[in-house]
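Subject: Structure for you, plus notes

Hi,

Here is the structure I promised to send over. Have a look at it first, then read on for my notes.

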Amino acid sequence: MNKRILVTGGTGYIGSHTVVELMQQGYEVVIVDNLSNSNITVLDGIQAIVGRRPEFVNADCCDYVAMDNVFRSYPDIKGVIHFAAAKAVGESVEKPLHYYRNNMHSLTTVLELMQEHEVHHIVFSSSCTVYGQPDPEHLPVDETAPRKKALSPYGNTKQINEDIIMDQAHACASLRATILRYFNPIGAHPSALIGELPNGVPNNLLPFVTQTAAGLRDELRVFGDDYNTPDGSCIRDYIYVVDLAKAHVCAIERMLSGKTQEQVEIFNLGTGRGLSVLEIVRTFEEVTGQKLKYRIVGRREGDIEQVWADPTRANTVLGWRADTPIRDVLLSAWNWEKHLRNIK
Ligand code: UFG
């Protein structure tokens, strides 16, 4: 059986790592990406790692005609992994309409075309942002924890898109969907041939850390050390992007082999371990030997104090576990930054 998967946003950070894992497991992949937040050279990196080049279509997932052409051109598509979305929390506050139009229209277009072309399986990239700040009795947070009102338009698009999938599954009995709620993906492929390519000044912690170590930024600002956590800085569940990518293969495999028990299954993807910002800084310094210039500043608006996953459901049902040691993960991020900047 030719197992072709359509990966929207497949030249992006998590998308590209997932394409690698899919291809290494024998899947054929067609990527659709409009390169709005990624670079075409990512395809070279994927090819160098896998030894084959994925099919690539430069298109916007909101473009019904272009997407219809993709489904027509690849009638062997068996499932869709839908990454394509705008993802900057701060930008979403500035440009809410862009986020609502782009993130929701792309999903509805993909779902409409899946129904039209009788493609029954979708994996959707969601986020732990749907939980907001879980109440203390819900930490670590499992999938039954209540969703909280979103703190940003970006977060709201994730919640609404989850609901869109639920409603479509209700209306369309043949649809199977897996919603993956990511915690904080970090690191890069061990080959250092693909990794995160932030646009402009990074908002996320790890790219800011590696860029500071590489001398592109003067100093890291640690947003707050007066939180109610052991060292006062915020706690997150940092998950290796390659482990995260592998979960997508497990999810698609589970749906294609008819093992799913509910029409829509939801999984938290995290390690089960929370690390503080200062722990990340210290461990990064230790494993890379780089002294990191940092300064404690005030809290960042909208930041959640602490959240980490209970990944038991993904561990037992998907048979997946994020077990790469944080030291290896941080080193992979640094190796990627060195590769980008030609640092020996
Ligand atoms: N941080 C700093 N300095 C920086 C950048 C980040 O101290 O320069 C801190 C933040 O305050 C936070 C932690 O590092 O405590 C992680 O911050 P990130 O921006 O890397 O990640 P967030 O947890 O804030 O956001 C991530 C994703 C969002 C998603 C959210 C869900 O980037 O897409 O998780 O909680 F919505």
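First, the ground rules. This is a predicted model, where local features need pLDDT of at least 70 and side-chain atom pairs count only at pLDDT 80 or more, while totals for chains, interfaces and linings use all residues. Numbering runs from 1 along each chain as its sequence is written, and side-chain values use heavy atoms, with hydrogens and water left out.

**Domains and ligand**

The contact between them (heavy atoms within 4.5 Å) takes 27 residues from domain 1 and 23 residues from domain 2.

Where does the ligand lie relative to domain 1 and domain 2? Both domains give residues to the shell around the ligand, so it lies between them.

There are 21 residues around the ligand, and Asn204, Leu205, Arg221, Arg236 and Asp303 come nearest; a residue is near if one of its heavy atoms lies within 4 Å. By type, the shell divides into 11 nonpolar, 5 polar and 5 charged. Here Ala, Val, Leu, Ile, Met, Phe, Trp, Tyr, Cys and Pro count as nonpolar, Asp, Glu, Lys and Arg as charged, and the others, Gly among them, as polar.

- Asp303, through an N or O atom at 2.5 Å
- Asn184, through an N or O atom at 2.9 Å
- Tyr154, through a polar atom at 3.4 Å

On its own the ligand has 680 Å² of accessible area, and the protein covers 90% of that (Shrake-Rupley method, 1.4 Å probe; for residues, only the protein chains shown count as cover). The elements giving two or more residues to the shell are α7 and β8, and β8 gives the most, with 4 residues. Helices (H or I, at least four residues) and strands (E, at least two) are DSSP runs numbered from the N terminus.

**Helix α7**

How many of the residues of α7 are buried? The count is 9 of 9, where buried means under 20% relative accessible area, exposed over 50% and partly exposed in between (1.4 Å probe, protein chains only). The cover includes β7 (184-186), β8 (220-223), β10 (238-240), α9 (277-288) and α11 (326-341).

Gln211 sits in this helix, which spans residues 205-213, and counts as buried because its relative accessibility is 3%. Beyond its neighbours within four places in sequence, Gln211 is in contact with Pro198, Pro202, Leu216, Arg217, Glu337 and Arg341. Just after α7, Gly215 takes a positive phi of about 90 degrees.

Most residues other than glycine have a negative phi, and most peptide bonds are trans. Some spots to check:

- Leu139 to Pro140 is a cis peptide bond, omega near -5 degrees; Pro140 is in the loop between β5 (121-127) and α6 (153-171).
- Glu118 is not a glycine, yet has a positive phi of about 55 degrees; at 60% relative accessibility it counts as exposed.
- Ala192, also not a glycine, has a positive phi of about 60 degrees; it is buried at 11%, in the loop between β7 and α7.

Cheers

Notes:
A polar contact is a pair of N or O atoms within 3.5 Å; within protein, one must be able to donate a hydrogen and the other to accept it, and residues adjacent in sequence count only if both atoms are side-chain atoms. Domain bounds come from an automatic or database domain assignment.
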